[in-house]
Amino acid sequence: SEMCIRDRLIGLGALRFLKYSRTFLSALWRLVRPTKNLLQRYGEGSWAIVTGGSDGIGRAFCVELALKGFNIVIVGRNNDKCNEVAKQLQQLNTKIQVKIIIVDFIKAWDLSIYDTIINEVKDLDISILVNNVGICYATPLGELPDQEHINQIVVNTIPPTILTNRPVSYTHLRAHETPEHLVCRLLLEKKK
């Protein structure tokens with residue numbers, strides 16, 4: 001009986017050790033694994049569209065993609081901030097090009113916004129779309145006016161949905177991919 005309990009405890013300890021070892025090794029692999037060369041994958045001259053690229057996380061995406069050699073399309077609502085980011089990107093990497101598209105996604109239900117974006121990038125080899133635009137209020141739920149809730153829902157849901165739904169419009173140079181292939185490829189790359 002004592003032997004049986006001891007054997008079970010040893011077995012449980014071994015399982016726990018294996019679980020922690022797996023977690024540790026997975027974390028270690030994520031730190032040391034070779035990174036993918038996205039520019040090599042998509043080719044020189046590739047462009048990345050970053051919505052909300054003038055500030056915060058969007059700006060950080062712009063910086064990282066520019067450092068990797070991608071040309072950047074900054075989609076934002078503040079022209080001064082977008083120009084500031086564009087200047088920063090071109091100082092970080094003098095080989096890239098930067099294009100700015102000024103759009104206020106508070107009016108995201110107006111489909112002409114997306115036509116404007118598509119028309120501005122129709123001749124570019126777009127490889128990456130970063131749907132980053134969004135707003136969030138640090139106000140308790142009961143204290144936020146209804147219009148701010150509506151703005152948050154509009155900005156956080158409509159642009160990513162519409163822009164992701166129109167991939168063939170801005171990936172026309174990748175003629176071998178249908179929208180379904182593009183979405184599947186992006187999902188598979190995300191899992192890797």
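How many aromatic pairs does the structure hold? The structure holds one aromatic pair, where the rings of Phe, Tyr and Trp (its six-membered ring) are taken to pair if their centres lie within 6.5 Å, with planes under 30 degrees apart called stacked, over 60 edge-to-face and the rest tilted.

## Basis of the model

This is a predicted model, in which local features need pLDDT of at least 70 and side-chain atom pairs count only at pLDDT 80 or more, while totals for chains, interfaces and linings use all residues. Residues are numbered from 1 along each chain as its sequence is written, and side-chain values use heavy atoms, with hydrogens and water left out.

## Overall architecture

The chain contains eight helices and four strands, these being DSSP runs numbered from the N terminus (helices are H or I with at least four residues, strands are E with at least two). Read from the N terminus, the order of elements is α-α-β-α-β-α-β-α-β-α-α-α.

Of the 192 residues in the chain, 33% are buried; buried stands for under 20% relative accessible area, exposed for over 50%, and partly exposed for what lies in between, with a 1.4 Å probe and protein chains only. The accessible surface of the chain is about 12,700 Å², and 58% of that surface belongs to carbon and sulfur atoms; such areas come from the Shrake-Rupley method with a 1.4 Å probe, and for residues only the protein chains shown count as cover. When contacts (heavy atoms within 4.5 Å) are taken between residues at least 6 apart in sequence, 67% of them join residues at least 24 apart.

Strand β1 covers residues 47-51, and because five of its five residues are buried, the strand is largely enclosed by the rest of the structure. W47, I49 and T51 point one way from β1, A48 and V50 point the other way, and all are buried. The C-alpha atom of S46 is 8.4 Å from that of I128, although 82 residues separate the two along the chain.

Strands are treated as paired if DSSP finds at least two bridges between them. β1 runs parallel to β2, with five bridges joining the two, and β1 also runs parallel to β4, to which four bridges join it. I49 stands opposite V73 in β2 and opposite L129 in β4, while V50 has I74 as its bridge partner in β2. β4 itself is mostly covered, with four of its five residues buried.

## Strand β2 and G76

All six of the six residues of β2 are buried, so this strand too is largely enclosed by the rest of the structure. N71, V73 and V75 point one way from β2, whereas I72, I74 and G76 point the other way.

G76 belongs to strand β2 (residues 71-76) and counts as buried because its relative accessibility is 6%. Leaving aside residues up to four places away in sequence, G76 touches C82, I101, I102 and V103. Its C-alpha atom is separated by 8.6 Å from that of V50, which is 26 residues away along the chain.

Helix α3 (residues 56-67) has 12 residues, which at 1.5 Å a residue should span 16 Å, and its end C-alpha atoms are 17 Å apart, which agrees; the expected span of a helix is 1.5 Å times one less than its number of residues. Within α3, G58, C62, V63, L65 and A66 are buried, and the elements that cover the buried residues of α3 include β1, β2, α4 (79-92) and β4 (126-130). After α3 comes G69, with a positive phi near 105°.

Q91, in helix α4, counts as exposed because its relative accessibility is 58%. Helix α6 (residues 146-165) has 20 residues and reaches 28 Å from its first C-alpha to its last, close to the expected 28 Å; its buried residues include N151, V154, V155, P159, P160 and L163.

## A charge over a ring

K19 lies over the face of Y20, at 6.0 Å from the ring centre; a charge is taken to sit over a ring if NZ of Lys or CZ of Arg is within 6 Å of the ring centre and within 35 degrees of the ring normal.
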